[in-house]
Every structure is written in structure tokens, then in C-alpha cells.
Amino acid sequence: MKKFLNEFKTFALRGNVIDLAVGIIIGGAFQAIVKSLVDDVVMPVISLATKGVNFADWFIALDGKNYPTLEIAKASGAATLSYGNFISAVLNFIIMAFVIFVMIKLINTVAEKAKKKTDDVEASPTTKVCPYCKTEIAIDATRCAHCTSELKD
């Protein structure tokens, strides 16, 4: 039992498991942001474009009767095939996936530009070669530590 607990401890404290846990937590928080973006920004625009079509009102009552809304049909106990909710869920998924794609693409573009800037800035050299013994010495040395020659720079 002790060996099992030690193996579990080793597994649980590995970096990738902790990274996965952090990713899930951040993903949950990010989901709230994306959901708000879809529900509060994108869907109202789509609602304007579709002239206020409410997919939730698209259903078939399986008892053969006609009901004005899904809520009334469910309240009367009728079994319903709510295909409008499914269409709405699919549209939400497509919109959310597209929004995430655009956001990740933007983040990657910014990260690439930042990386390119740091790659463009070359690090200044910290060493030089002694002209007499050809060994590497500090850039600000006035005398070679290996051959003791006085350096003129």
C-alpha cells in the first residue's frame, strides 16, 4: 500500500499533471469569458441578422397536437422533439469555436511578434580572442590571463 501511495504521489506531482490541472482551471474561467462574448455580443448581432428568430420555439409535439411554445407543450406533459434547441446548441458551438480560434490566432500572432523582436536584438559578445595565444578571454580584459600579453584595444 505504501508503494502504491508513493507511486500516486510521484504521478500527481509530475509537472504535466499540475499543468493539466492549471489548464482546466484557466479553461473554466476562459469559458465564462467566451460564453459572455457569444451570448452578449455575437448572438445579438445574429439575432438582428435573422430578425429575432428564436430557435427554442422550433419543436415537434410527439402527441400530434399543436402548441404555441415549447414551455406550454412541456407543461401539458407532451413529449417533444426539440430540434430548435439542438440547432441553437450547434450554432453556439460553431460560434464559440470560431471565437476561440480567432482569439488563439491573435495571441499566437502577438507572441510571434514579441519573439521576433527578442530574436532581432543580438546579445552583445562577452568574450574575445587573444591575438597572441588565441584563447578566449573576457571582452574587457586588458591583459590575457593565459599568456599575460598586454592587449591593445
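Is Trp58 buried, exposed or partly exposed, and what is its relative accessible area? I looked this up to open my notebook on this predicted model. Trp58 turns out to be partly exposed, with a relative accessible area of 34%.

**Entry: aromatic rings**

I searched the whole structure for aromatic pairs and found one. The partners are Trp58 and Tyr83, whose ring centres lie 6.4 Å apart, with 45 degrees between the planes, so I noted the pair as tilted. Next I checked where the two residues sit along the chain. Trp58 belongs to the loop between α2 (15-49) and β1 (60-61), while Tyr83 is in helix α4 (residues 83-120). The two are 25 residues apart, and I wrote the pair down as a link between distant parts of the chain. I also looked up how open Tyr83 is: its relative accessibility is 35%, which makes Tyr83 partly exposed.

**Entry: cysteines**

My next stop was the cysteine sulfurs. How many disulfides does the count come to? I got zero, and I wanted to see the distances behind that. A disulfide needs two cysteine sulfur atoms within 2.5 Å. For Cys144, the closest cysteine sulfur is in Cys133, 3.6 Å away, so this is too far for a bond. For Cys147, the closest cysteine sulfur is in Cys144, at 3.7 Å, and I marked that as too far for a bond as well.

Is Cys144 buried or exposed? I found Cys144 buried, at 2% relative accessibility. Cys147, with a relative accessible area of 26%, went into my notes as partly exposed.

Definitions and conventions:
Residues are numbered from 1 along each chain as its sequence is written. This is a predicted model: local features need pLDDT of at least 70, side-chain atom pairs count only at pLDDT 80 or more; totals for chains, interfaces and linings use all residues. Side-chain values use heavy atoms; hydrogens and water are left out. Buried means under 20% relative accessible area, exposed over 50%, partly exposed in between (1.4 Å probe, protein chains only). Rings of Phe, Tyr and Trp (its six-membered ring) pair if their centres lie within 6.5 Å; planes under 30 degrees apart count as stacked, over 60 as edge-to-face and the rest as tilted. Helices (H or I, at least four residues) and strands (E, at least two) are DSSP runs, numbered from the N terminus.
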